[in-house]
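Trainee: Could we go through the sheet and the helix packing of this model? Please keep to what can be read from the coordinates.

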Amino acid sequence: MGSQSNDTLNKKPREKSALYPAVSISDCYEFIKQIDSLGGKSVSYASILNLMGLTSPTTKSFLSRIGASKQFGFITTGSSTAQLTDLARRILYPSSGEVERQKLLIEAFSNPPLYAKLIGRFKDKAVPASGQLGNILMNEYRIIKQVKDNAAKCFLDSANYLGLLSNGVLCMDNVGEQPQSIVFSQEEQSEKLDSAESLQEVNNFTHPQEEGYLFEIPTMGKKTARFYIPDGVTEKDIDYIKLYIEKMLPVFLDNLKTEL
């Protein structure tokens with residue numbers, strides 16, 4: 001008896017995670033379609049489980065969808081029933097078609113408390129890769145280790161589903177806009193460049209007639225690769241260009257090698 005009591009006292013309490021959507025918004029969208037097919041109002045858990053081919057209301061996939069759908073503002077629950085919210089109904093039956101549905105889904109994406117914080121932090125900035133984002137969630141947002149990777153994946157999956165990630169940058173205000181083109185080109189240089197001067201060119205931006213910014217990289221064959229950024233770019237544009245270069249320039253160069 002004494003030993004069991006000591007074991008009970010020494011047993012560590014189970015670590016509890018901060019609230020997060022355990023499935024993506026696309027999974028929740030499909031889930032509310034199922035609830036709607038059953039009437040949408042005071043639909044019993046038993047009816048939803050039967051439609052999903054499940055038997056127990058404690059099944060992880062069911063609880064995850066119930067919890068995440070509540071966080072997105074799609075449903076309310078009570079007495080083992082689920083009811084669609086007005087937001088969910090407007091998403092399922094938009095008055096103005098797909099454009100309205102998309103805007104409403106993006107509105108719902110901002111509803112979970114965790115996502116509201118992440119949007120505030122990463123809006124118009126590059127979102128870290130899933131592994132790094134998971135560590136951030138654990139270290140700064142009280143998401144426990146066991147679920148941090150799934151929490152990060154669900155956030156990224158939801159943002160991708162809604163078209164909010166443009167080359168890794170979280171763009172909440174310009175959904176549907178096309179990013180500005182970035183052109184990489186190689187041009188012959190008419191005059192031979194002294195190697196010391198060429199290296200100096202690499203470390204400096206030039207301002208041709210104040211119309212933009214030209215970055216030159218000398219090649220081994222006395223030619224120059226040039227990268228031009230137009231005048232008037234914003235800090236957001238610079239972040240986007242940097243990320244685009246990091247992701248797309250290696251692909252461009254590898255494809256160029258195959259053509260040479």
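Mentor: Two bridges join strand 1 to strand 3 (residues 81–84), and these strands run antiparallel. Strands (E, at least two residues) and helices (H or I, at least four) are DSSP runs numbered from the N terminus. This is a predicted model, where local features need pLDDT of at least 70 and side-chain atom pairs pLDDT 80 or more, while totals for chains, interfaces and linings use all residues. Residues are numbered from 1 along each chain as its sequence is written, and side-chain values use heavy atoms, with hydrogens and water left out.

Trainee: Which residue is the bridge partner of valine 43 in strand 3?

Mentor: Strands count as paired if DSSP finds at least two bridges between them. Strand 1 and strand 3 are joined by two bridges. In strand 3, valine 43 has as its bridge partner alanine 82.

Trainee: In what order do the three strands form the open sheet?

Mentor: The edge strands are strand 1 (43–44) and strand 2 (75–78), each pairing on one side only. The pairing is antiparallel, and the order is 1-3-2.

Trainee: Is helix 7 roughly parallel or roughly perpendicular to helix 8?

Mentor: The axes (lines fitted to C-alpha atoms over the stretch in contact, with angles from 0 to 180 degrees between N-to-C directions) of helix 7 (residues 113–122) and helix 8 (residues 130–140) come within 13 Å and cross at roughly 115°. Angles under 35 degrees count as roughly parallel, over 145 as roughly antiparallel, 65 to 115 as roughly perpendicular and the rest as oblique. Helix 7 is therefore, relative to helix 8, roughly perpendicular.
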